[in-house]
Amino acid sequence: MATVPYEDLEVLYTRQQIAARVAEMGAEITRDLKGEKLVMVGVLKGAAPFLADLARTVDVDATFDFVATSSYGKGLRSSGAVKLIKDLDEPIEGKNVLVVEDILDTGLTLAYLRKLLLQQRPKTLRIAALLDKPSRRIEKIEADYVGFSIPNLFVIGYGMDYAERYRNLPDICLMTPDHPE
Ligand code: PRP
């Protein structure tokens, strides 16, 4: 795909809309976990900006950890072939865990991660997804906290990429057919 100048991209959610919604999610998480300790587990790479922002709106004693998964390329995703390429640094047994994802799409990644993390017997396991595309779901899984529920759009920015690019866009934008390869 040719380079699309940032100013030509169509914005789906502005940085202000994202910040406002993330603050609401943080307040909800704070209410649910008040007085508890929390391990926030970011799923690399897309969740990095969301985790950084969400963490600063959550008023609980929190630590960070990160995992990374690989799906053998998007085209094969429906095969369900997700594998772990970076594990947690610390055990989560007996801990409150919040998995932080930029987007919940087919659900294959989070279904795989949930099963894997539950094997460690955390005290609680919750999921926060900034975006949710329910129409794409293959695995039966829902997030406990959802920022925005969206139709099947190709979104980039705020951590989300097209061929590894656009992750640093502060707004969530659309990769539209107006910008062909
Ligand atoms: C994206 C996103 C989720 C996953 C969701 O990650 O960050 O981890 O896809 O899709 P699913 O519900 O269909 O499994 P991706 O594999 O593109 O890696 P990235 O975060 O490094 O961009």
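How many bridges join β1 to strand β9, and in which sense do the two strands run? In this predicted model, three bridges join β1 to β9 (residues 172-174), and the two strands run antiparallel.

## The open three-stranded sheet

The pairing of β1 with β9 belongs to an open sheet of three strands, in the order β1-β9-β8 and with antiparallel pairing. Its edge strands are β1 (10-13) and β8 (155-156), each of which pairs on one side only. Strands of a sheet pair through backbone hydrogen bonds, and they may do so in a parallel or an antiparallel manner.

Val11 is located in strand β1, where it stands opposite Cys173 of β9. With neighbours within four places in sequence left aside, Val11 is in contact with Asp171, Ile172 and Cys173. Val11 has a relative accessibility of 39% and therefore counts as partly exposed. Between the C-alpha atoms of Val11 and Lys86 the distance is 32 Å, and the two residues are 75 apart in sequence.

Asp171, one of the residues that Val11 contacts, also takes part in a salt bridge with the side chain of Arg15, at 2.9 Å from N to O. Asp171 lies in the loop between β8 and β9, while Arg15 lies in helix α1 (residues 15-33), so the pair ties together parts that are 156 residues apart in sequence. The two partners may be described by their accessibility: Asp171 is buried, at a relative accessible area of 11%, whereas Arg15 is partly exposed, at 43%.

Strand β5 is mostly covered, with nine of its nine residues buried. Helix α3 (residues 108-118) contributes Leu108, Thr109, Leu110, Ala111, Leu113 and Leu117 as its buried residues.

Asp65 is placed in strand β3 (residues 61-70).

A polar atom of the Asp65 side chain does lie 3.1 Å from the backbone nitrogen of Glu90. Not counting residues up to four places away in sequence, Asp65 touches Val39, Met40, Val41, Gly42, Lys86, Leu88, Asp89 and Glu90.

## Salt bridges

The structure holds 12 salt bridges.

| Side chains | N to O distance |
|---|---|
| Asp171 and Arg15 | 2.9 Å |
| Arg56 and Asp53 | 2.9 Å |
| Arg136 and Asp105 | 2.6 Å |

In the pair of Arg136 and Asp105, distant parts of the chain are linked: Arg136 is in the loop between β6 and β7 (145-149), and Asp105 is in the loop between β5 and α3, 31 residues apart. Arg136 counts as partly exposed at 32% relative accessibility, whereas Asp105 is buried, with a relative accessible area of 12%. Further salt bridges that share partners join Lys45, Asp161, Glu164 and Arg167 into one network.

For the pair of Arg56 and Asp53, Arg56 counts as exposed at 66% relative accessibility, and Asp53 counts as partly exposed at 27%.

Technical notes:
Residues numbered from 1 in each chain as written. Predicted model: local features only at pLDDT ≥ 70, side-chain atom pairs only at ≥ 80, totals over all residues. Heavy atoms only, no water. Helix = DSSP H or I, 4+ residues; strand = E, 2+ residues; numbered from the N terminus. Polar contact = N/O pair within 3.5 Å; in protein donor to acceptor, adjacent residues only side chain to side chain. Contact = heavy atoms within 4.5 Å. Pairing = 2+ DSSP bridges. Buried < 20%, exposed > 50% of the residue type's maximum accessible area, 1.4 Å probe, protein only. Salt bridge = Lys/Arg side-chain N within 4 Å of Asp/Glu carboxyl O.
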